[in-house]
Amino acid sequence: MITIKGITKKYGNYTALDDISLHIASGEFVSLVGQSGTGKTTLVKLIIAEERPSKGEIIIGGWDITAIKSYEVPYLRRQIGVIFQDFKLLPKKTVYENVAFALESCGVAAATILKVVPQVLKIVGLDNKIDHYPWQLSGGEKQRVAIARALVHKPKLLIADEPTGNLDSINTKEIIDLLIKINEIGTTVLLVSHNRDVVNGLRRRVITVEEGKIISDQVKGRYVL
Amino acid sequence: MFFLDLFRSFKFALQSLWRNFWLTIVTVIIVTLAMASVSFLLIFNLVANNVVDTVKAKSEIYIDLTEDAKQAQVEFLVAELNKLEDIREVIYITPSETLDRFKEEHKNDEVIIASLESLSANPFTGSLKLSVNDISKFDALLTELSRDEYGQILEINNSEFYEAKDLLNVISDYSKKIEKLGFGISLFFVLISIIVVFNTIQMGIYSHREEIGIMKLVGASNWFVRSPFIIESILYSIISVVVMILIFYPLAVYVQPHIDNFLGEYTLDLVASVSSNFLWVFGLEIGIAILITVLSSLFATRRYLDE
């Protein structure tokens, strides 16, 4: 699903990622861990083509995106679901509209949107709040809207960048359970986190990054830092 | 696909107009004020040009005929002059008409009237009344008429002839200066309006900069992100010009008597003048407003799309 070969990312003289190589197979649930500022989010930005690598090669689902053209970026992002710590919801759109927007932006027919969006909102348990605005939701609910939006065009890869960073323990568990469920139906999940309990509780593959380098990659790993 | 995207862009633009109600109100007010200042200048120019045109149209010159001028010569000259393209009209004024006109002009001057009546005969010769289509042509025409061959018919050597010629040149110069000044002031106001509207649209889009980033993250193309902002700008422009039209007519009716008092015979019917050019005037204003707001939107969104 994701193949990264010798990726280096520099900002001036500062090296955020230094010669990173890894492969994530289709259907895997991988946690990418490390302390703040170690390059985790930079790696996510490279995978979604928000940043370009200084050196190396990135292949997503067989598509070499290393030198992706700007007009191709939207097509890449429609194949990858992404959720963030700060939810990144459109504040002036309702729950329904936030999720529908992801489909509307890629030209999906209105009838399909009318059918699919309520189904996805039901999966994340928000079918009773479709007309609410983000400011009317709790943190956990906002993150579930973000997950629904990320899932709505059935991506093969879901990237969750610190999805529980702004949530309490109950909401954290609900979100992680949802990610596990999503993985069980075949979606590859890349979880970026520095929450020790979450990562240890998963007992899945853990890649640890420190100072821009991978220092461990364990199939059933733990948070070792 | 194109029409589906266009329909959705319209939907998003209308949603944004409604859901960012106060931002919409502020933007519409500012665009309306900017367009109103341009309209005010356009109307000022319209009134000033009307005054200048009226003055030009009323500019005419009387050339006295010599005592020796024969009726047939005069009629031939009038006919020939009337054939010239630059001349609007040449009329022969008989000696008795000249006398009547003179009496009318000096009816309050008892000494002159008494002096005239003391004379046994009409002291005036006939004259020619010349008016032209373009006041700037007067000079060349009068120079042409100053040639010796017309000396037998026209009194071209008296001071009145040259005073009239100078006066017409002055009027022509002033009308050109007024036109240039009007154009310069209009250009200045248009530039200020462009800057104000540009900054207003920029500020509006600045408040949406995070949304633009989010839309890109979920896979929206640059045009899909941009188009609702462009449509919103077009709607701002149309609403603003409609508001301005709604304000203009009652205001014009209110101001008309004051303009009439101020300009007297040179006045202009504002409502009639604007109404007769309604599509041209407001079409041009909507066009200008759309051009400025859309360019501002394109520029502002590009900045955040590139981030």
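Student: In this predicted model, which residues have the most contacts inside the largest nonpolar core?

Tutor: The largest nonpolar core has 42 residues, and those with the most contacts inside it are Phe101(A), Ile205(B), Ile212(B), Val225(B), Leu270(B) and Phe282(B).

Student: Which helices of chain B each supply at least two residues of this core?

Tutor: They are α1 (2-19), α2 (21-58), α7 (159-206), α8 (209-217), α9 (222-263), α10 (270-276) and α11 (278-305). The largest share, 13 residues, comes from α9(B).

Student: What makes such a set of residues a nonpolar core?

Tutor: The set is called a nonpolar core because its members are buried residues of the nonpolar kinds, joined through side-chain atoms within 4.5 Å. In soluble globular proteins, nonpolar side chains tend to be buried together.

Student: With which residues is Phe282(B) in contact, leaving aside its neighbours within four places in sequence?

Tutor: Phe282(B) touches Val241(B), Met244(B), Ile245(B), Phe248(B), Tyr249(B) and Val274(B). Each pair counts as a contact because heavy atoms lie within 4.5 Å.

Student: Which residues does the second, separate core include?

Tutor: That core has 38 residues, among them Val99(A), Ala102(A), Leu158(A) and Ile180(A).

Student: Why is Ser227(B) called buried?

Tutor: The relative accessible area of Ser227(B) is 16%, and buried means under 20%; therefore Ser227(B) is classed as buried. This residue lies in helix α9 of chain B.

Student: Why does Leu6(B) count as partly exposed?

Tutor: Leu6(B) has a relative accessibility of 33%. Buried requires under 20% and exposed over 50%, so Leu6(B), in between, counts as partly exposed. Leu6(B) is placed in helix α1 of chain B. Between the C-alpha atoms of Leu6(B) and Ser296(B), 290 residues apart along the chain, the separation is 20 Å.

Student: How do you know that the radius of gyration of chain A agrees with that of a compact globule?

Tutor: For 225 residues, a compact globule would have a radius of gyration near 17 Å; chain A has 17 Å, so the two agree. The C-alpha atoms of chain A fill a box of roughly 45 × 40 × 30 Å along the principal axes.

Student: What share of the residues of chain A counts as buried, and how many helices and strands does the chain have?

Tutor: Of its 225 residues, 56% count as buried. Chain A has seven helices and ten strands.

Definitions and conventions: Residues numbered from 1 in each chain as written. Chains lettered and ligands numbered in written order. Predicted model: local features only at pLDDT ≥ 70, side-chain atom pairs only at ≥ 80, totals over all residues. Heavy atoms only, no water. Helix = DSSP H or I, 4+ residues; strand = E, 2+ residues; numbered from the N terminus. Rg over C-alpha atoms; globule rule 2.2 N^0.38 Å. Buried < 20%, exposed > 50% of the residue type's maximum accessible area, 1.4 Å probe, protein only.
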